[in-house]
Amino acid sequence: MKIAVFDSGIGGLSVLHLALKKFPKENFLYYADSDNVPYGMKTKEQILKLVDQAIQNMIKEDVKAIVVACNTATSAAIQEMREKYSLPLIGMEPAVKKAVDFYGSSRILVIATPLTVKGKKLQDLITRVDREHLVDLIALPDLVNFAENEKFIEKEVLNYLLKELGGIDWEKYSSIVLGCTHFNYFKDSLREILPSHVNLLDGNEGTINKLYSELEKNKLLENFDKREVEFYCSGRKISEKNEVERMERYLNRLEKMLDIK
């Protein structure tokens with residue numbers, strides 16, 4: 001059986017990238033709902049239908065657990081999907097608690113999609129862990145489209161980041177939490193405009209650790225001699241050479257981003 005990693009597009013590849021390192025003997029299925037990306041500007045009702053359909057498609061491919069590697073989909077749909085499906089569903093949680101625990105003496109900025117920023121799940125998390133009211137939120141929806149179009153360090157990307165973040169007094173801030181898996185592709189671009197004392201945090205490691213504990217608890221860990229990784233786009237298996245190479249380019253970029261903090 002396979003572990004499925006699901007996202008609205010290619011953002012969740014950043015979670016798959018870590019999972020491949022953590023589980024070298026497991027088989028994986030990566031499912032991008034690219035026909036409907038981005039999710040961040042859609043309504044909760046629209047996302048519920050899209051996530052439900054994606055899960056149905058993945059279950060047909062013999063998956064044993066699904067990582068919803070999308071903060072927006074997690075925020076909008078994870079509770080309802082767990083009530084409907086019995087297999088382990090692991091969601092994303094922005095690393096707000098980690099930021100507060102490690103850097104809670106200064107302000108913390110969470111950047112995410114509009115729906116995640118407005119969502120009850122993130123608001124509840126902040127209420128629970130941000131007792132000193134240090135967390136601020138900014139939506140950066142254009143980064144999703146830049147990532148989907150493989151634009152990472154182009155001038156228009158840097159101009160967008162400067163426009164949205166340039167007015168912030170960074171001396172008051174200790175860290176930025178990347179609240180969308182698409183944003184992991186932009187660590188080098190963010191480092192170009194941020195002071196060195198501002199740390200970059202994401203929730204991917206916590207998600208992978210949760211995946212491991214769920215597989216272990218349910219006795220679903222496996223040890224294949226030869227690992228297989230399949231890619232799907234909104235229900236269609238990716239087999240064309242140019243599309244497979246596109247996935248590999250994203251994974252190669254994520255390898256470069258891994259050590260940027």
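Predicted model: local features only at pLDDT ≥ 70, side-chain atom pairs only at ≥ 80, totals over all residues.

Colleague: Where does H133 sit in the chain?

Modeller: H133 is in the loop between α6 (120-129) and β6 (135-139). H133 also has a positive phi, about 55°, although it is not a glycine.

Colleague: And S234, what about its phi?

Modeller: S234 has a positive phi of about 50°, and it is not a glycine either. You'll find S234 in the loop between β9 (229-233) and β10.

Colleague: Is S234 buried or exposed?

Modeller: Buried: its relative accessibility is 16%, and the cut-off for buried is under 20%, so S234 counts.

Colleague: OK, on to sheets. What's the order of the six strands in the open sheet?

Modeller: The order is β4-β3-β1-β2-β9-β10, and the pairing is mixed. The edge strands are β4 and β10 (236-237), each pairing on one side only.

Colleague: Tell me about β3 then. How many of its residues are buried?

Modeller: Six of the six residues of β3 (residues 63-68) are buried, so this strand is largely enclosed by the rest of the structure.

Colleague: And which strands does β3 pair with?

Modeller: Strand β1 (residues 2-7) runs parallel to β3, and five bridges join them. Strand β4 (residues 89-90) runs parallel to β3 too, joined to it by two bridges.

Colleague: Which residues stand opposite I66?

Modeller: In β1, A4 stands opposite I66. In β4, I66 stands opposite L89.

Colleague: What kind of unit do β3, α3 and β4 make?

Modeller: A right-handed β-α-β unit, where the helix α3 covers residues 71-84.

Colleague: Which residues of α2 are buried?

Modeller: The buried ones are I47, L50, V51, D52, A54, I55, N57 and M58.

Colleague: And what covers them?

Modeller: The cover includes β1, β2 (27-32), β3, α3, β4 and α5 (114-118).

Colleague: What joins V37 and P38?

Modeller: A cis peptide bond, with omega about 0°. P38 is in the loop between β2 and α2.

Colleague: Back to strands. What's the order in the sheet with four strands?

Modeller: That open sheet goes β6-β5-β7-β8, and its pairing is parallel. At the edges are β6 and β8 (199-202), each with a single partner strand, so one side of each is left without a neighbour in the sheet. From one strand to the next, the twist averages 25°.

Colleague: How many bridges join β5 to β7?

Modeller: Five bridges join β5 (residues 107-112) to β7 (residues 173-178), and the two run parallel. Among the partners, I111 goes with L178, and I108 goes with S175.

Colleague: And what about β5 with β6?

Modeller: Those two pair in the parallel sense over five bridges. The bridge partner of A112 in β6 is A139.

Colleague: Why is β5 called largely enclosed?

Modeller: Because five of its six residues are buried.

Colleague: Last topic, the cores. Which residues have the most contacts inside the largest nonpolar core?

Modeller: They are L13, L109, I111, L143, W170, I176 and Y185, in a core of 55 residues.

Colleague: Pick I176. What does it touch?

Modeller: Leaving out residues up to four places away in sequence, I176 touches L109, I111, W170, L194, V198, N199, L200 and L201.

Colleague: And what's in the second core?

Modeller: The second core is separate and has 25 residues, including A4, Y31, L50 and Y85.

Note on methods:
Residues numbered from 1 in each chain as written. Heavy atoms only, no water. Core = buried A, V, L, I, M, F, W, Y, C linked by side-chain atoms within 4.5 Å. Buried < 20%, exposed > 50% of the residue type's maximum accessible area, 1.4 Å probe, protein only. Contact = heavy atoms within 4.5 Å. Pairing = 2+ DSSP bridges. Right-handed = clockwise from strand over helix to strand, strands pointing away. Axes fitted to C-alpha atoms, helices over the stretch in contact; angles between N-to-C directions.
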